[in-house]
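Subject: Structure handover

Hello,

Here is the structure I promised to pass on. Please look it over first, then read my notes below.

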Amino acid sequence: MSVAFPVSNGATGMIGLVTGEGVLIVLYRGCVEREGLYSSAELPGVAFIITRGEKNSKIKKMDPWVLLATLVVVLLSVWYIKSRYTHWSSMGVRTGFFLPFVGHSFGVLFCKDMWTPMEMGHKLCIEFGGFYGVYQFTKPQLLISEPDIMKLILIKDFDHFTDRPALTSDKDNITSHSIGNVTGEEWKILRAIMSPTFSSGKIKRMFSLVCQNADTLVTSCLHQASKNPALDMKDMFGRFTMDSIASCAFGIDCSSFVREKPEFVQMAEKVFGLSSFSGMLKLIIRMSLPRLARALGISRDGPEVDFFRNVVEETIRTREESGQCRGDFLDLMLETRHQNNTTTTGKGKAVLSNDVVLAQCITFLSAGFDTVSSTLYFVSHLLAQHPDQQHRLRQELEALVEEEGQLTYQGVMEAKFLQACINEALRLYPPAMTTVRTCTKPYQIPGTQIRLRVGDEVLYSTRAVQRDPRFWQHPDKFQPDRFLPHNNHLITPCSFLPFGMGPRNCIAMRFGLMEVKVALSKLLLKSELKLSPGHENIQMKNWSIIATPVSESRIDVTPI
Ligand code: HEM
């Protein structure tokens, strides 16, 4: 093994000597006396003698204990690096370039954005035959993009991969109660309780709330377009999504189109603090180095949690006192709490306590904001790029309205070309490019030497599989027809999974799709979308865990 260490100039302190195969001797400047006796040629196997300008150096009077301690530290480092970073190669899994201690996380530390190294990872995953070994600092993770293996992990052998790595290990942090974060039995119980909340019948009850917000979106777009058609659609879709979550998850009217930055939006932005370099770094520290995170105080809840706690507790109190119902998620969770009498599990642990309800509301905000608003932007941009497809879609929507007199829940949810256009946008730009699972029982991946231990992490690359030319003809082209029902048989199982797959897929898929379908349909029925000069290509935000367009991403909106 050859190890490349950053070695400083001798004149400033540390000197690194690499001898033979991977043995590194570190000497301090104080131990080197320049008397012109030794040269690198006289020390066989020495790779570096770095002194500024001096050719010859001599090692003199080195304290044997210092030398011994140095050697022990060096040997331990080499052993540690070797044992940590041969994890994947020992199982025949290929890894791309990485640095000791930093692993593949150098992207987060040294690149100007996270997409460059991520894109490289997705490409290498395809090139390496669907498996790519990654080290997040020292933690091994397996990136996969092989549909057959994904099917095993996500569906058939799901009981080996029930969990995701904890976003925080701090039980005082509200996110530790989130359905996306809880593990094992606790997740199973919570998922079983929450699933009926997202059933088709329950989502239908929220259709009118979402329609009201979509109408406001369209009115605001048309109003602004009358002054300048080049609208910041990332911002407009963000406001629509924020209003929809505020009304469906928190039961409040946020009116973000009318008011300039309501308090709800300001606090929500703190929840989205993840979409920045510092947010990403904090997340990685919280997940990889939880003790350091605790010491730095970055695992604690911020003031935004108190704000949302007050909103939720106040709403629960008002509803319980007045018996008032809006049919939103909060109502549904309270209804479930009363019906099932599930305030405690067999283990006596609170399941739908106020804090658990609050944690789910905050999760809906963080899991449902960027995913929906970005999807709306991507599909609108692609339709602006392909006017012929936009025209076809508008025709389908107009026929629906003609038939039913208005947009109905069933009409929107069953419109085939609408679904095809959204699917094609989600294939090209899945908001969650990679999704992660933790191995909960030892697992040997069939047909390979890969043995996963409890705690190992598996990332499945939606981005890679959804653009893999083995499964998609012209993978980079927008061709919605691939998703029309008569072409279903051409789609390889598990090669299209923007909402994940199996028992731990997106619990709110129907709701998310309903939001996208309603907003897009209402917008297309009233306006034409065209590419805005200077915004012909989709530009991604540099630091965001969810694929998100940059601020000020414009599309021309013209009334029809
Ligand atoms: C277009 C919109 C959306 C997309 C593409 C999307 C995508 C995803 C994906 C890929 C996962 C991980 C699945 C896995 O691990 O296999 C997920 C999980 C989740 N999503 Fe979504 N999502 C969307 C909208 C929403 C919305 C609107 C909400 C809430 C109102 C939501 C709530 C959740 C939750 C709670 C989980 C965790 C489920 C669990 O661990 O049991 N998502 N989503």
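The ligand is surrounded by 24 residues, and the closest are G368, G500, C506, A508 and G512. A residue counts as near a molecule if its C-beta atom, placed from the backbone, lies within 6 Å of it. Two elements give two or more residues to this shell: helix 14 (354–385) and helix 19 (509–526). Helix 14 supplies the largest share, seven residues. Helices here are DSSP runs of H or I with at least four residues, strands are runs of E with at least two, and both are numbered from the N terminus.

By class, the shell has 13 nonpolar, nine polar and two charged residues. Ala, Val, Leu, Ile, Met, Phe, Trp, Tyr, Cys and Pro count as nonpolar; Asp, Glu, Lys and Arg count as charged; the others, Gly among them, count as polar.

Before you go further: this is a predicted model, in which local features need pLDDT of at least 70, side-chain atom pairs count only at pLDDT 80 or more, and totals for chains, interfaces and linings use all residues. Residues are numbered from 1 along each chain as its sequence is written.

Now C506. An unreviewed UniProt entry places a "binding site" feature there. Such positions are given in the numbering used here, feature names are shortened, and annotations may be inferred rather than shown by experiment. C506 sits in the loop between helix 18 (462–465) and helix 19. C506 counts as buried because it has 21 C-beta neighbours inside 10 Å. The cut-offs are 20 or more other C-beta atoms within 10 Å for buried, 12 or fewer for exposed, and partly exposed in between, with C-beta atoms placed from the backbone. Leaving out residues up to four places away in sequence, C506 touches F499, G500 and G512. Contact means C-beta atoms, placed from the backbone, within 7 Å.

Four strands form an open sheet in the order 5-6-11-8, with mixed pairing. Strands pair if DSSP finds at least two bridges between them. Strand 5 (131–136) and strand 8 (434–438) are the edges, each pairing on one side only. Strand 6 (residues 139–144) and strand 11 (residues 457–461) pair in the parallel sense over four bridges. L143 stands opposite L459 in strand 11.

K139 lies in strand 6. With 19 C-beta neighbours inside 10 Å, K139 counts as partly exposed.

Last, an unreviewed UniProt entry places a "transmembrane region" at residues 65–81. That stretch is 100% helix and 0% strand, and its end C-alpha atoms are 24 Å apart.

Best wishes

Methods
Contact = placed C-beta atoms within 7 Å.
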